[in-house]
Amino acid sequence: MAEWTAKYGGVFRIRMLSKWAVIVTDPTLVRAVLQASKTYVPKDGRLYAPIEAASHPRCPNILSSSDAGANGSDGRYWAAVRGAWMKCFTSTNLKRVLPTVVSLCERIIKQQVVAAAASQPTAAAAAAADGNAGAAAAAGPAGWSSVNLCQITDRITLDVIGEVAYGRDVGAVSQKRSRYLELVSGMLAVMHEEMSHPMLRLLRQLRPDKAKAQLAREWNEANAAEVRAAMADPPGEHTIAGQLLQVLDPATGTPLTLNQLKAELVIAALAGFETTSMALSWTLGALACHPAALHKLEQELDSAGLLATAANPQPSPFTWQLLGKLQFLQAVIREGLRLFSPAANGSFRMNIAGDLQLREGLVIPKDTIVGVPFFAFGHNPETYGPDVEAFRPERWLVGRSSSSSSSSRNGFSSSGGSMDGAAYSSMDGGSASLSSIDAQAADTDAIGSSSAANGTAPAAAAAAAAAGGKGSRQQPPNDPWSFSIGPRDCAGQALARIELQVVIAMLVGQLQLQLHPSVGGWQGLLQRRMYHTTLQVEGGLPMLLRPRVP
Ligand code: HEM
């Protein structure tokens, strides 16, 4: 779709099985479709059936349920659970999660220090001397540990989700083998397959795949056990389980049942695990291929006391006060999210209300699918200029003031708003949201929740104009919108943004990173992009790591 976007521009239509789909990547039209307005298109669960299959086939969940009138739903259920999710992500609650993220990073760094030390005098040299070239390559050069970075980011992310969902350490970082990690990864693989091939689910119902059925059973049992434990001994206010246990189903007036809770809580892993982990891996991989950007980041980390150097061998851990303050780090994260948009497929909606006039001469007929694929959005040359394929964090700095995140109160944007005719409860709890987390606002709980900070970043438009491109017409947003925008934007983005900042700052601050030569540099990294519902790294991401200060 990125290629079609480059060829056909910010709006075009494609055929999806029996239906037409209008694909929108023009920022103005994306706003029209996704943000509260008369042209807003609500979600429709029918397009998300594989997610429901992996959560609970007969229970709605926050991600797939309709927010306004589609599928016979009035949106009240979605509004109730969304409200609970957002309460979980207030600054006060997120502050309780930050130490977990920091300590997981410290643990990973320690593991890498040990692994790198074990490769000295060098396992590689010994293996090479024995004529075992394969083992020598896998061990990496002396003093470096050879890793699949995706496995590291997976482990950190799953433990963060375990803490936020249930207040529990699921042990992905501390244990050598984590069954829960295997189950989540397995279920996501099934979900992606079924999203890509809609007939697959039907075929599997006709001819069941025993291994997949067993996986689904185990997944179901593991989640049921977590939910039962949470019901018996409710975890704290900072957990999604803790908040959901207080929700009353608007249809019955009673607390959510075990199945309803399970359907909701599973979404934390299905929506938050691979997306965040991939964002980390892609961004760290991109940094390893761009020494100038890496150097700038190192300088910024050094000035914040986060870089390990001979003079400062034990840098301070990342603190709440630093969130949103490191401008180049923020730019690196934005550029990573733009270029490697983790929820690549983006948001797909169904225009059920009637013919919809998006602008003069552009009408979306009733019953048409409307798709906003965020990977293609991030690769629209009309928006970002001719260098869309380049990793250039600076594009997010031009035109931003030094307190860049202050497009709204202290870095928290609050343009969520209400939606015609539908209860939109994400404002209820107030979440620490969008562009950054800012320490000045950290003590405030009643923070507006969602939606894009809608300032403009003139750099890309100027670049496009200079190149004579059509991009001069566009107003690029000052965030890559990888978390979507509007009432159905990512409920977990405040958490993801914290994890991205802390993990990148701490790993880069304390470890040297190099792409393994087998990847083939930047071009090789780009070729690993595997476009599913999420943007995965095909074959993992082999990297070499070593402590900055041995
Ligand atoms: C870099 C990481 C992440 C990215 C890029 C991302 C992206 C997105 C996007 C694009 C959507 C909208 C999907 C659609 O319209 O169909 C979404 C929704 C959602 N995300 Fe995330 N997400 C991330 C991390 C997380 C995390 C960590 C969690 C929770 C632990 C989470 C929970 C959710 C939920 C619950 C929704 C549905 C919200 C609703 O429909 O009201 N996400 N996310």
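**Close-up views of a predicted model**

**View 1. V101 in helix 5.** V101 lies in helix 5, which covers residues 91–118. The model shown here and in the other views is predicted. V101 counts as buried because 25 other C-beta atoms lie within 10 Å, and the cut-off is 20 or more. Neighbours within four places in sequence aside, V101 is in contact with V160, I498, E499, V502 and V503. W481 is 380 residues from V101 along the chain. The C-alpha atoms of V101 and W481 are separated by 24 Å.

**View 2. The largest nonpolar core.** This core has 141 residues. V503, I504 and A505 have the most contacts inside it. Helix 13, residues 258–289, gives the most to this core: 18 residues. V503 is also one of the contacts of V101. In soluble globular proteins, nonpolar side chains tend to be buried together.

**View 3. Surroundings of A505.** A505 belongs to the trio with the most contacts inside the largest nonpolar core. Leaving aside neighbours within four places in sequence, its contacts are L301, L306, F318, L326 and L329. Of these residues, L329 is listed among the buried residues of helix 15.

**View 4. Helix 15 and its cover.** Helix 15 runs over residues 327–339 and has 13 residues. From first C-alpha to last it reaches 18 Å, close to the 18 Å expected at 1.5 Å a residue. The helix is mostly covered, with 11 of its 13 residues buried. The buried residues are L329, Q330, A331, V332, I333, R334, E335, G336, L337, R338 and L339. Their cover includes helix 13, helix 14 (291–303), helix 16 (374–378) and helix 20 (493–510).

**View 5. Helix 14 against helix 15.** The two helices pack at an angle of about 145°. Their axes are 8 Å apart. The crossing of helix 14 and helix 15 is left-handed. Helix 14 brings A293, K296, L297 and E300 to the contact. Helix 15 meets them with F328, L329 and V332. By class, the contact residues are five nonpolar, no polar and two charged. Both L329 and V332 are buried.

**View 6. The whole chain, for context.** The chain has 21 helices and 11 strands. Of its 550 residues, 55% are buried. Take contacts between residues at least 6 apart in sequence: 74% of them join residues at least 24 apart.

Definitions and conventions
Residues numbered from 1 in each chain as written. Predicted model: local features only at pLDDT ≥ 70, side-chain atom pairs only at ≥ 80, totals over all residues. Core = buried A, V, L, I, M, F, W, Y, C linked by C-beta atoms within 7 Å. Buried ≥ 20, exposed ≤ 12 C-beta atoms within 10 Å, placed from the backbone. Helix = DSSP H or I, 4+ residues; strand = E, 2+ residues; numbered from the N terminus. Contact = placed C-beta atoms within 7 Å. Expected span 1.5 Å × (residues − 1). Axes fitted to C-alpha atoms, helices over the stretch in contact; angles between N-to-C directions. Left-handed = near helix turned anticlockwise from the far one by under 90°. Nonpolar A, V, L, I, M, F, W, Y, C, P; charged D, E, K, R; others polar.
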